[in-house]
Amino acid sequence: MIFILSIILTNVNAQNINDRFSGISVGNPVLSGSTSYNGERQVFTLKGAGENIWFDNDQFWFVFQKIKGDFIFSANAEFVGDGVNEHRKMGLMARSDFDGNSAYVNVAVHGDGLTGMQFRETKAENTDEFKSNVSAPQFIQLERKGNTYIVRISKNGQPLVKVAEKSFDLGEQVLVGMFICSHDPNVVETAKFSNVRIEVPAAEGVNGYQNPSPSRLEILELETGLRKIIYETDDHIEAPNWSRNGKFLVYNAGGKLYKFDAEELKPEEINTDFATNCNNDHGISFDGKMLAISNGIQENGTNHSIIFTVPIEGGVPTRVTPNGPSYWHGWSPDDKWLTYCAERNGNYDVYKIPTEGGEEIRLTTAEGLDDGPEYSPDGQYIYFNSVRTGMMQIWRMKPDGSEQEQLTFDNFQNWFAHPSPDGKWLIMISYPPSVPAGSHPHNQRVMLRLMPAEGGPIKTVAFLYGGQGTLNVPSWSPDSKRFAFVSYTY
């Protein structure tokens with residue numbers, strides 16, 4: 001049933017991605033190109049010929065859409081087959097028009113692995129390039145910020161590397177898309193593009209709380225690395241949970257909670273009675289019967305978040321934490337305890353409390369923020385993130401707060417480590433070091449990263465535009481093969 005859910009949900013919006021692109025042969029190549037689209041896997045396959053994309057004239061197959069303003073264009077890309085000419089090339093491009101000698105900029109990957117930014121600043125001039133020392137990356141990205149174009153790439157799950165940036169004017173509206181060129185007019189080559197995303201970032205200084213962004217609910221499959229958009233909405237949604245039986249997802253939007261059901265193929269509001277100011281800290285009990293929520297209430301002259309529980313099908317919430325602010329993050333596997341982040345006396349720490357309420361127990365005492373506590377599925381550890389070493393890093397401890405140990409040591413701000421149901425993996429969201437250690441804001445270029453639950457090498461499994469609301473809560477599928485998250489675009 002879990003596998004069927006993934007397939008059914010994928011078809012909700014799969015066709016929409018393909019509909020936004022059109023294909024054209026640029027420069028009159030001898031052989032025309034073609035594009036096929038796998039809606040189930042959301043993968044584009046491009047076939048094309050063309051003598052070259054170089055000097056003052058280009059010939060290639062181009063699959064594009066028209067865009068004004070800033071964008072972040074990303075994809076995983078690979079050639080199909082050994083190819084004929086090692087100088088065949090494919091990649092992502094922004095172009096001023098369809099003429100063979102038009103101004104353009106691209107990120108190009110060649111058949112022999114050579115990769116770089118190539119560009120023609122003005123019409124009919126010769127092409128120039130900046131070469132990368134990284135060969136044959138699997139992930140490529142082209143960003144426009146004003147009149148500046150930036151190329152970034154990643155290989156083997158490593159963080160993005162900037163190849164180059166170049167400022168010149170291609171016009172207010174540009175043609176943005178995927179391309180392939182065989183470097184031989186009589187040969188057709190093939191390339192596949194997956195995880196194709198065009199994200200429109202917020203304007204400089206836009207506050208994500210005051211100007212919430214449209215949302216994409218996505219599922220990532222670990223084995224293949226494929227990301228599937230299962231729902232797109234102009235509403236701002238956050239923090240998907242995956243139900244214990246695999247039949248639905250739960251997310252929050254506008255202070256309310258919604259169930260995204262596999263049969264209905266649309267969101268349905270969960271009745272939480274008076275609790276209509278819910279934030280993105282919510283989750284489902286291990287037995288699948290209850291939902292923990294964090295809801296803002298007005299008391300003692302202040303509005304703060306309080307943790308409640310409510311039946312999974314909805315009902316009147318029962319208050320659990322006596323004090324606020326309190327932000328839920330985890331159930332114990334026996335469903336007897338809740339873990340949460342709370343501010344008490346000016347410091348944010350990790351606490352736990354019996355599910356039916358009672359006296360809260362403080363588990364961390366370090367200065368600065370400790371957040372995101374979540375039990376391992378065997379109940380042996382609580383994973384959390386802490387700023388105590390200067391950067392936000394992932395830690396774990398025993399359920400009584402003892403044996404606190406650091407698991408990540410890199411130069412990123414790492415938040416919300418969620419253990420997989422089989423206990424083997426942690427998925428986390430990582431911000432660049434430029435983001436303050438104690439902050440997890442909206443409107444950021446972030447990574448979703450995977451590491452062994454015991455600690456060890458970390459692999460990036462997704463680059464996206466998101467942040468707050470993307471991965472705040474447990475979101476693994478019950479079979480530990482996929483997880484859900486939210487990406488954003490203005």
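User: How many aromatic pairs does the count come to here?
Analyst: In this predicted model, the count comes to 20 aromatic pairs. One of them joins Tyr37 and Phe44, whose ring centres are 4.7 Å apart with planes at 50°, so the pair is tilted.

User: Are Tyr37 and Phe44 buried or exposed?
Analyst: Tyr37 is buried, and Phe44 is buried as well.

User: And what about the rings of Tyr340 and Tyr351, how are they arranged?
Analyst: The centres of the Tyr340 and Tyr351 rings lie 5.9 Å apart and their planes make an angle of 20°, so this pair counts as stacked, the limit for stacking being under 30 degrees. The pair links distant parts of the chain, with Tyr340 in strand β28 (residues 337-344) and Tyr351 in strand β29 (residues 347-354), 11 residues apart.

User: Why do Tyr340 and Tyr351 count as buried?
Analyst: Buried means under 20% relative accessible area, and Tyr340 has a relative accessible area of 0%, while Tyr351 is at 5% relative accessibility, so it counts as buried too.

User: Which residues do ring pairs link into a cluster?
Analyst: Ring pairs link Phe60, Phe62, Phe64, Phe98 and Phe179 into a cluster.

User: Switching to the cores, which residues have the most contacts inside the largest nonpolar one?
Analyst: The largest nonpolar core has 40 residues, and those with the most contacts inside it are Phe44, Phe71, Val105, Met178 and Phe193. Strand β7 (residues 71-80) supplies the largest share of this core, namely five residues. There is also a second, separate core of 22 residues, which includes Met392, Tyr431, Trp476 and Phe483.

User: What does Val105 touch?
Analyst: Leaving out residues up to four places away in sequence, Val105 touches Leu92, Met93, Ala94, Met117, Gln118, Phe119, Leu142, Tyr149, Phe168 and Leu170. As general background, nonpolar side chains in soluble globular proteins tend to be buried together.

User: Where is there a nonpolar patch on the surface, then?
Analyst: Val30, Leu31 and Val188 form a nonpolar patch on the surface, and together they have about 230 Å² of accessible area. Val188 sits in the loop between β15 (173-181) and β16 (189-199), and at 39% relative accessibility Val188 counts as partly exposed.

User: Now the backbone: which peptide bond is cis?
Analyst: The peptide bond from Gly324 to Pro325 is cis, with omega near 0°. Pro325 belongs to the loop between β26 (318-319) and β27 (326-331).

User: Which residue has a positive phi of about 50° although it is not a glycine?
Analyst: That is Asn195, with a positive phi of about 50°. Asn195 lies in strand β16 and counts as buried at 5% relative accessibility. Asp273, which is not a glycine either, has a positive phi of about 55°.

User: Where is Asp273, and is it buried or partly exposed?
Analyst: Asp273 is in the loop between β22 (267-269) and β23 (283-284), and at 41% relative accessibility Asp273 counts as partly exposed.

User: Last one, what is Thr460 in contact with, and where is it?
Analyst: Thr460 has its place in strand β38 (residues 459-466), and it counts as buried at 7% relative accessibility. Setting aside neighbours within four places in sequence, Thr460 is in contact with Gly157, Gln158, Pro159, Met447, Leu448 and Arg449.

Technical notes:
Residues are numbered from 1 along each chain as its sequence is written. This is a predicted model: local features need pLDDT of at least 70, side-chain atom pairs count only at pLDDT 80 or more; totals for chains, interfaces and linings use all residues. Side-chain values use heavy atoms; hydrogens and water are left out. Helices (H or I, at least four residues) and strands (E, at least two) are DSSP runs, numbered from the N terminus. Buried means under 20% relative accessible area, exposed over 50%, partly exposed in between (1.4 Å probe, protein chains only). Contact means heavy atoms within 4.5 Å. Patches are made of residues with over 30% relative accessible area and no salt bridge: like charges are joined within 9 Å, nonpolar side chains (Val, Leu, Ile, Met, Phe, Trp, Tyr) within 5 Å. Accessible areas come from the Shrake-Rupley method with a 1.4 Å probe; for residues, only the protein chains shown count as cover. A salt bridge is a side-chain nitrogen of Lys or Arg within 4 Å of a carboxyl oxygen of Asp or Glu. A nonpolar core is a set of buried Ala, Val, Leu, Ile, Met, Phe, Trp, Tyr and Cys residues joined through side-chain atoms within 4.5 Å. Rings of Phe, Tyr and Trp (its six-membered ring) pair if their centres lie within 6.5 Å; planes under 30 degrees apart count as stacked, over 60 as edge-to-face and the rest as tilted.
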